[in-house]
Amino acid sequence: MQSAFFSFLHFVAVFGLVGVLAVEWATLGKSPTYREARRLQLSDRWYGIFAVLLLVVGLLRVFYFEKGSAYYFGNLFFHVKIGFFIIVGLLSIYPTVRFLKWRAWTHEGKAPVVPVAEYKALREVIRLELLLVLLIALCAALMARSA
């Protein structure tokens with residue numbers, strides 16, 4: 001029963017992470033309004049919460065549930081999956097820093113001024129994060145089916 005519960009938590013974290021990335025992707029515009037900027041800031045906060053939950057629950061599953069750590073550490077797809085997760089985490093730093101810098105504007109009730117280069121970079125980073133999360137899901141499926 002505990003294994004099923006942690007599996008459920010893992011799915012909640014994955015779907016939450018994908019959901020907030022999709023919200024960021026759909027919300028980010030060239031000239032975000034105050035409400036859009038606040039939505040992006042809140043989404044980014046939830047992104048961090050889901051990422052931490054995903055990592056903690058994933059590690060608990062590796063060490064205490066499922067197939068055991070020896071299985072996972074001996075599985076190439078597990079290593080690739082963790083590598084992609086680390087890359088996504090590193091990529092997420094840029095949007096987080098940008099959204100935090102917008103606080104000066106949003107605390108005053110104003111929309112941030114987003115230079116075109118920043119907008120394009122944010123779009124590309126979020127797009128790449130979404131792609132890598134899909135590849136993580138592929139690795140998870142391959143990992144689970146490996147002998």
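1. **The E124–R127 pair.** E124 forms a salt bridge with R127, with the closest N and O atoms 3.3 Å apart. The term covers a side-chain nitrogen of Lys or Arg within 4 Å of a carboxyl oxygen of Asp or Glu. Both E124 and R127 lie in helix α7, three residues apart, about one turn of the helix. Helices here are DSSP runs (H or I, at least four residues), numbered from the N terminus; strands are E runs of at least two. E124 counts as partly exposed because its relative accessible area is 44%. R127 is partly exposed as well, at 43% relative accessibility. The classes are: buried, under 20% relative accessible area; exposed, over 50%; partly exposed, in between (1.4 Å probe, protein chains only).

2. **Basis of the values.** This is a predicted model, in which local features need pLDDT of at least 70 and side-chain atom pairs count only at pLDDT 80 or more, while totals for chains, interfaces and linings use all residues. Residues are numbered from 1 along each chain as its sequence is written, and side-chain values use heavy atoms, with hydrogens and water left out.

3. **Overall build.** The protein has seven helices and zero strands. Along the sequence the pattern reads α-α-α-α-α-α-α. The C-alpha atoms fill a box of roughly 55 × 30 × 20 Å, taken along the principal axes. Of the 147 residues, 37% count as buried.

4. **The other salt bridges.** How many salt bridges does a search of the whole structure find? The search finds three. Side chains of opposite charge can pair when their charged atoms come close. E118 forms a salt bridge with R98, the closest N and O atoms being 2.9 Å apart. This pair links distant parts of the chain: E118 is in helix α7, R98 in helix α5 (residues 93-101), and they are 20 residues apart. E118 and R98 are both buried. K110 forms a salt bridge with E108, where the closest N and O atoms are 3.1 Å apart. K110 is partly exposed, because its relative accessible area is 44%. E108 counts as exposed, at 54% relative accessibility.

5. **The largest pocket.** Its volume is about 920 Å³. Of its 36 lining residues, the closest to the centre are H10, V14, L54, K81 and I136. The search runs on a 1 Å grid over the protein atoms alone: a pocket is an open set of points with protein on both sides within 12 Å along at least five of seven lines, whereas a cavity is a set where a 1.4 Å probe fits but cannot get out; lining residues have an atom within 4 Å of a point. Grid points are joined across faces, edges and corners, and the volume is the space filled by probe spheres set on the points.

6. **What lines the pocket.** Helices α1 (2-27), α2, α3 (69-73), α4 (76-91) and α7 (116-145) each supply at least two lining residues. Which helix gives the largest share of the lining? That is α2, with ten residues. The lining divides into 26 nonpolar, six polar and four charged residues. Ala, Val, Leu, Ile, Met, Phe, Trp, Tyr, Cys and Pro count as nonpolar; Asp, Glu, Lys and Arg as charged; the others, Gly among them, as polar.

7. **A nonpolar surface patch.** L55, L59, F63, Y64 and F73 form a nonpolar patch on the surface, with about 540 Å² of accessible area together. Patch residues have over 30% relative accessible area and no salt bridge; nonpolar side chains (Val, Leu, Ile, Met, Phe, Trp, Tyr) are joined within 5 Å, like charges within 9 Å. Areas come from the Shrake-Rupley method with a 1.4 Å probe, and for residues only the protein chains shown count as cover. Helix α2 (residues 34-64) contributes the largest share of the patch, four residues. Y64 lies in helix α2. Y64 is exposed, because its relative accessible area is 64%.

8. F85, in helix α4, is partly exposed at 22% relative accessible area. Its C-alpha is 9.0 Å from that of L55, 30 residues away along the chain. T106 and I136 are also 30 residues apart in sequence, with 34 Å between them in space, C-alpha to C-alpha. T106 sits in helix α6 (residues 103-106) and counts as buried at 5% relative accessibility.
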